Amino acid sequence: MGAPAWQPIISDPQTVATVRAVSVDVLSRLRDPGSVEEAARKAPLQGRPRWTPHSAAQGTCGLALAFGHLDRCLPGEGWDLVAHRHLSHAVDGTASNPVSTLGLFAGLTGVAFTTSYLAHGEQRYRSLLGDVDDSLYARIPRRLPDITGEGLAVGTFDLVSGWTGVAAYLHSRPTGPARDRALDTVLAWLVDLSRAVDGVPAWHTPHALITDESIRDRYRSAVANCGLAHGITGPLALLALAHADGPIGAGHTEAIRRTASWLASHQVDDAQGGAYPSVVPLGEDSTAPSAARDAWCYGSPGVARALWLAGTALDDPDLTRTAVAAMRAVLRRPVAQRRVDSPGFCHGIAGLLQITLRFAVDTGDEEISDGAHRLVDQLLSEYQPQAPFGYRSVEPGGTRQDRSGLLEGAAGVALTLLAAVTLEPPAWDRFFLLS
C-alpha cells in the first residue's frame, strides 16, 4: 500500500497567504548566485564547511534545487530560469574547484541529485545529467571494501558524505544496467554493514576515528552513532525505501529488522514518552547515553522517520506504532526542551517541521497535525524581514549569522514552509531521506 497523496497541513487562507509570501520573499533574496556567494564568503565559518558552489547542502547547487521546487509550486513565473542560473554557476565553478568527492551533501552525487530534480523526468539537462551519471557510475567500484568488524569512520557510510547518500541518489534514478549494478553493489554493502561482529555493530566507530570533538571528549571508547545524518539511522531509512520499491536482495529484509530493533531498543526514557540518543557508548565506557536534541540530524525525529519507513516497508505495525509514539513525545515536549533553536533544517525548526509534516500526512494523526501547525507558527515568528535573507541562523554560543544554504540557511526554511501550504509534493526531501 503506497503512501497517501500529499496534502498541505495548513488550510486557513490567511496563514497560507502569509506562509507563501514569506517563502517567496526569502527565495527572491537568493536570486543572484554571485551576490549570495559573496555574502557567504564574508560570513564567519564557526566550524562549518566553507561555501562551495557545487555543494548541494551549502552551496549554489542547493539553491538551484530550491528554485527548481519553487518553479513546481509556482509554474510560469520564471523560477526555472533562476534555477538554471544557479546550476550553471555551480557547474562552471567546478572548472577552478573540481568535485573531488562522491558525497551527496558536498560532492558529485549532490550535483547529480539537483540536476535530476531540475530535469523532472523530461529532456532538460539531458546532456549534463548523462555526463554526471557516467562519471558517478565509473567511480563506484564493483566491490566495496570488506567490513571486518573493526569499525569505521561515519563518513564512510553516512548520508552526508558516505555510501548511504550515494545510494539515495541511485535509488531515485530510472533503472538501467549501470545504475542497477551500482545500486545493487552499495545496497549489498549496507546490508553487510548492519550486522554485528562478536556482538558489536559492524558500523561502530572506534574512538580514534571519532571526528566530532564533543562526542570524542565525552566518551572514552568506541560509539555506535544513531543519527540520521551521520549514523545507522540513515542506512536504515535508505534500505527501507529501497525495500518498498524492490527488488529485494539477499539479507535485505533481515538487515532492516535487525537495525530497526537495535535502534528501538536504545530509546532513552523521559517524561514525554521516550527519546533517542546521538550515540550509544560501547566497550568499557560506562557513561549512559542521554537524549539528543529533537532534530533531523540527531534525535527522535530522524529516528522516528526511519522506523516509520522500516515499518511501512515490512508491513510491521509494531514499528510504525513505535515511530508515531516517538513523534508524539517530541511534540509534547516544551519547546525549550527540544533544543532546536535555529530556524534551519539540519538541527533546527525546519527539519523538525518537515518530518512532522510527513508524519501528519502519512498517519492523519490529529496530535501530530496540531504539532505541525505550532511549528509553522514558530517558524513564522523567526522571520526577520530586515535580515538579508529573512532568516538568521543561531550559531554555537547563541550568536546569529546570515546563512542562505539548503542545510542550515534560509533556503531550507523556505522549502519547508512551502511544503506546509502547497499541493506540490515536497520530493526534494529525498535529499534528507524523508521520502
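1. Helix 8, to start with: in this predicted model, its buried residues are Trp163, Thr164, Gly165, Val166, Ala167, Ala168, Tyr169, Leu170 and His171. That makes nine of the 10 residues in the 163–172 stretch, so the helix is largely enclosed by the rest of the structure.

2. What do the buried residues of helix 8 pack against? Five helices turn up: helix 5 (108–119), helix 6 (126–139), helix 7 (154–157), helix 9 (177–193) and helix 11 (233–245).

3. Besides being buried in helix 8, Leu170 belongs to the largest nonpolar core, which has 148 residues, and is listed with Phe105, Trp296 and Phe432 as touching the most other members. Helix 18 (residues 410–421) is the top contributor to this core, giving 10 residues.

4. On Phe432: leaving out residues up to four places away in sequence, Phe432 touches Phe105, Leu159, Leu228, Trp296, Phe345, Leu406 and Leu407. Phe105 and Trp296 are themselves among the core residues that touch the most other members. There is also a second, separate core of five residues, including Ile210, Tyr219, Val223 and Val279.

Key: Residues numbered from 1 in each chain as written. Predicted model: local features only at pLDDT ≥ 70, side-chain atom pairs only at ≥ 80, totals over all residues. Heavy atoms only, no water. Buried < 20%, exposed > 50% of the residue type's maximum accessible area, 1.4 Å probe, protein only. Helix = DSSP H or I, 4+ residues; strand = E, 2+ residues; numbered from the N terminus. Contact = heavy atoms within 4.5 Å. Core = buried A, V, L, I, M, F, W, Y, C linked by side-chain atoms within 4.5 Å.
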